[in-house]
Amino acid sequence: MPSEINKGFQTANPEFIFKKLLNAQEADLAMIAGYPADARKPHPAMRSQEPVQGTVQKAENVALGMPTEMKTKAWTKGDLAVDGDLQTCVTSSSNRTGWWQVDLLSSRLVYFMEIHLSNHFSRGRVGVYVSDYIDSFWGKPCTRLPASLKRSKFICDIQSSGRYFGLINKQGQITVCEVSVYVCSLHTFGEYCSSECACADPEELCNSVTGACLSGCRDGWTGDNCSLPCANRYGPACRNPCGHCYGSRACDHVTGVCRHGCAPGWKGSRCLQACEPGSFGSNCLHSCGHCLDEAVCEPESGDCPWRCQPGWSGSRCDAECSTGFHGQNCDFACGHCRNGSVCLRSTGVCSLGCEAGFEGLFCTKACISGKWGPDCRNKCGQCLHRRCNSKSGECELPGCQPGWEGPRCDTECSSGTYGTNCSKKCGYCQGACMPLNGLCSAHCSPGWAGSMCLDKCSNKTYGQDCALSCGHCAGGQACDHISGSCPGSCASGYHTRFCHIRTKGFSISHPNLVVMLIGCMVIFTATIGSVIVFLLVRWRRDNQHGVVDKHPQPYKQTVV
């Protein structure tokens, strides 16, 4: 036995002894099987020193109540050591050798033992024997322990089987209070036989100590005792790798099912199927966003490989453009849409048209000079410099061209005005004057003359077109240019309002008759004079051509 175990014996610590014996047993079994000792370590569940409360124990104490023998003075039986009562003990005779033995009635594979000794006698070491022969003490003990040990849990150094189980102290007496010999039920192994065999062949009985299987492990299990679940693998002999489980978790080591779902980009119960184009995420539950040119997003993250379709943004192109923005990745601000409306997120077009002062498909272009209003559909009025406000249409200072008025210079001058901003008044026209230059479009009112009808009749005339002459006003004064009446009295010899009728003699009832008579006289005089002039000229011409020169002068050439 190793020296380290001997030290444990000296401390009389049962748990220490049990652990060391168990390790030694494992090491021996591993060497026999040809595997390193570490590779033969049992499942952690086998390491517990006591049965787990509430579990079904599959270890059986086959020594309880079985026939015993013990060397005493009377060669009495040692039944008190297998009666289940720790308070009852038996002691061998006081000679040199003390021993105790129990008959298990059939050969059994001993898994582990629990022995309660009295420490009244502490000399020597106790050997533990398991054999199919009644004289079991002639063979090799399965293990040894100090006689001073009061209580011990242990297994044999090598796997042992037999009908007879015995204890012997060749150096003195032995006092035994209770002995329990445990064997495992079928298809169980490990400490307290608390682990079930996991062999590929369900009929195989695994090693009751190590749990090793000749047929290999059942699906999903591995290790020397087939108690270790497959690590990131599943199925027979753990030959199948797990799929793409969520969070890099392991799949079910038996079925390969990912119980927490799939990693992004994969689907199926075992997460072995890649997402179909157009879907992404865990179990492929999400659809791709609006990637440019209908590109397929990344199956894991959902990110678009290039850019977004117009009107969408974000790495996944699943966020619609904020109000007032449009285009790829929402990089562009909307133009000046009418009535505060927003453009279409995909195209940037203002569906209701442009607000006043802007035009174009995106309503980003200001009106050119000479236009104004929504979509720049209106032309500026008769502005002096041909420029108006692009939003309101109002003309810039100094205002309108001659003949127009109003904020937009789109209204002709009202009756009686003309010129720039219609700031001037028309003359005395019959009807309206021309708004551009103030010229009267028809005749002047009586008493006025000139192109703009702003001149009073002169040269003692009056009336329509100043065609009438004034009468004989006192002092040679001119008559009123509109009515023809004299401002004061008439000249001597004339009377009436217009002073054109003589007091005595031929009376002319109306001033127009005087004008007519004077006109007739002038025409008659001019006609007579013209006839006389014509006759004189003709007579003179006839007298000059009446004498003919009978001797013409020779032709003379003049040299210049």
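This briefing walks through the fold, the annotated stretches, the aromatic pairs, the salt bridges and one surface patch of the protein above. Please keep in mind that the model is predicted. The protein has 560 residues, of which 37% count as buried, and its chain contains three helices and 38 strands.

**Overall picture**

- The accessible surface of the protein comes to about 32400 Å², and carbon and sulfur atoms make up 55% of that surface.
- Looking at contacts with a separation of 6 or more, 38% are between residues 24 or more positions apart.

**Annotated stretches**

- An unreviewed UniProt entry carries the annotation "domain: EGF-like" for residues 229-272, 283-318, 320-364, 375-410, 412-454 and 465-500.
- In the span 283-318, the end C-alpha atoms lie 19 Å apart, with 0% helix and 11% strand.
- For the span 375-410, the end C-alpha atoms are likewise 19 Å apart, and its content is 0% helix and 11% strand.

**Aromatic pairs**

- How many aromatic pairs does a search of the whole structure find? The search turns up three, and two of them are described here.
- Y428 and W448 make a stacked pair, because their ring centres are 3.9 Å apart and their planes meet at 10°.
- This pair links distant parts of the chain, 20 residues apart: Y428 sits in the loop between β32 (424-425) and β33 (448-449), while W448 belongs to strand β33.
- Y428 is partly exposed, at 44% relative accessibility, whereas W448 is buried, at 10%.
- Y462 and F498 also count as stacked, because their planes are at 10° and their ring centres 6.4 Å apart.
- Y462 is in strand β35 (residues 461-462) and F498 in the loop between β37 and β38 (501-502), so this pair ties together parts that are 36 residues apart in sequence.

- H481 lies in the loop between β36 (468-469) and β37 (494-495).
- Because its relative accessible area of 13% is under the 20% cut-off, H481 counts as buried.
- Which residues does H481 touch, not counting those up to four places away in sequence? They are P446, G447, W448, K456, C457, T461, Y462 and G463.

**Salt bridges**

- The count of salt bridges comes to eight.
- One of these joins the side chains of D103 and R163, with N and O 2.7 Å apart.
- That bridge links distant parts of the chain, since D103 is in strand β4 (residues 98-110) and R163 in strand β9 (residues 160-169), 60 residues apart.
- D103 is buried, with a relative accessible area of 13%, but R163 is partly exposed, at 29%.
- K267 forms a salt bridge with E276, and the closest N and O atoms are 3.5 Å apart.
- K267 counts as partly exposed, at 23% relative accessibility.
- The side chains of E320 and R345 meet in another salt bridge, at 3.9 Å from N to O.
- E320 lies in strand β22 (residues 319-320) and R345 in the loop between β24 (332-333) and β25 (358-359), so the bridge ties together parts that are 25 residues apart in sequence.
- E320 is partly exposed, with a relative accessible area of 48%, and R345 is partly exposed too, at 30%.
- R338, D375 and R377 are connected in a network of salt bridges.

**A nonpolar surface patch**

- Which residues form a nonpolar patch on the surface? The patch consists of F524, I528, I532 and L536, which together have about 420 Å² of accessible area.
- One of its members, L536, lies in helix α3 (residues 511-544).
- L536 is exposed, because its relative accessible area of 53% is over the 50% cut-off.

Note on methods. Residues are numbered from 1 along each chain as its sequence is written. This is a predicted model: local features need pLDDT of at least 70, side-chain atom pairs count only at pLDDT 80 or more; totals for chains, interfaces and linings use all residues. Side-chain values use heavy atoms; hydrogens and water are left out. Helices (H or I, at least four residues) and strands (E, at least two) are DSSP runs, numbered from the N terminus. Buried means under 20% relative accessible area, exposed over 50%, partly exposed in between (1.4 Å probe, protein chains only). Contact means heavy atoms within 4.5 Å. Rings of Phe, Tyr and Trp (its six-membered ring) pair if their centres lie within 6.5 Å; planes under 30 degrees apart count as stacked, over 60 as edge-to-face and the rest as tilted. Patches are made of residues with over 30% relative accessible area and no salt bridge: like charges are joined within 9 Å, nonpolar side chains (Val, Leu, Ile, Met, Phe, Trp, Tyr) within 5 Å. Accessible areas come from the Shrake-Rupley method with a 1.4 Å probe; for residues, only the protein chains shown count as cover. A salt bridge is a side-chain nitrogen of Lys or Arg within 4 Å of a carboxyl oxygen of Asp or Glu. UniProt positions are given in the numbering used here, feature names are shortened, and annotations may be inferred rather than shown by experiment.
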